[in-house]
Amino acid sequence: MIFAVGFGASLGALARFGLTNYGKKHWMRQTAFPWPTLVINLSGAFLLGLVFALNLPAFVYAFLGTGVLGGYTTFSTLNTEMLSLADSGKKRLLKRYLLASYLGGICLLTAGYYLGTVL
Amino acid sequence: MGAVKNYLSVAFFAFWGGLARYALTEAFSFYGTALANLLGCFLLAFLTYFFLRRTNARAWLNTGLSTGFVGAFTTFSSFNLDAFKMLAAGSSLPALLYFTGTIVAGYLCAWAGKKAADFAATKMLERG
């Protein structure tokens with residue numbers, strides 16, 4: 001169980017690191033809006049809702065849910081990015097980022113959950 | 001070569017970050033997730049702003065600790081799932097408190113982490 005969580009978290013974090021590096025290069029050319037983290041967190045929330053609804057065996061859930069998706073999404077980067085937007089006086093982007101993350105996160109998780117119950 | 005080193009570092013440290021969060025949730029259920037998230041906000045802001053001042057620090061270690069360990073230690077998806085579970089169980093007030101409480105506290109913890117980094121960096125500069 002412990003190995004499943006740890007190994008899953010490694011995989012999730014690698015995906016996050018790769019996507020962040022890619023996104024910073026291609027999606028943030030003309031804006032300071034943290035698109036990579038937003039995409040990661042929203043997709044991760046959707047997938048966790050889905051995985052949770054599927055009622056998988058505890059071992060599989062520990063790997064996929066707690067490990068991979070827990071390691072893929074991040075709460076600390078979101079807050080540090082909001083802090084840096086506030087520091088550079090980008091109030092408007094900060095407001096949009098906050099709303100998109102938190103409203104989008106709970107909506108997409110719910111959507112993922114209902115998709116999972118249908119499957 | 002530097003890129004490979006960074007990816008390996010992220011994978012290695014994320015293993016332990018994920019495990020640390022798992023241990024906290026096993027011990028304290030959703031309080032564990034909240035604790036990991038808030039602690040992680042402080043730590044990441046601290047590391048980010050501290051290393052900004054000290055560019056001579058090893059880049060792969062910085063990436064491993066912040067993106068790997070703290071990134072995997074905190075979680076956005078479980079935070080949403082925990083709020084959703086409370087809501088689904090019919091406890092809408094605790095769900096709302098948990099949701100908004102974590103949002104506000106997370107930001108405050110990140111802010112405190114930045115202040116602590118500024119303080120630590122100034123102290124180190126004073127000492128030379």
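In the predicted model, 48% of the 128 residues of chain B count as buried. Chain B contains 5 helices and 0 strands, and its pattern along the sequence reads α-α-α-α-α. Along the principal axes, the C-alpha atoms of chain B occupy a box of roughly 55 × 35 × 20 Å. When contacts in chain B between residues at least 6 apart in sequence are considered, 77% of them join residues at least 24 apart.

Helix 4 of chain B covers residues 77–88, 12 residues in total. From the first C-alpha to the last, helix 4 of chain B reaches 16 Å, which is close to the 16 Å expected at 1.5 Å a residue. Its buried residues are B:Ser77, B:Ser78, B:Phe79, B:Asn80, B:Leu81, B:Asp82, B:Ala83 and B:Phe84. Within chain B, these buried residues pack against helix 2 (30–53) and helix 5 (92–127). They also pack against chain A, where the partners are helix 2 (35–53), helix 3 (58–72) and helix 5 (91–118). Just after helix 4 of chain B, B:Gly90 adopts a positive phi of about 90°.

The contact between the two chains takes 39 residues from chain A and 37 residues from chain B. On the side of chain A that touches chain B, two or more residues each come from helix 1 (2–26), helix 2, helix 3, helix 4 (76–87) and helix 5 of chain A. Helix 1 of chain A gives the most to this side, with 12 residues. By residue type, the side of chain A that touches chain B divides into 19 nonpolar, 19 polar and 1 charged.

Technical notes:
Residues numbered from 1 in each chain as written. Chains lettered and ligands numbered in written order. Predicted model: local features only at pLDDT ≥ 70, side-chain atom pairs only at ≥ 80, totals over all residues. Helix = DSSP H or I, 4+ residues; strand = E, 2+ residues; numbered from the N terminus. Buried ≥ 20, exposed ≤ 12 C-beta atoms within 10 Å, placed from the backbone. Contact = placed C-beta atoms within 7 Å. Expected span 1.5 Å × (residues − 1). Nonpolar A, V, L, I, M, F, W, Y, C, P; charged D, E, K, R; others polar.
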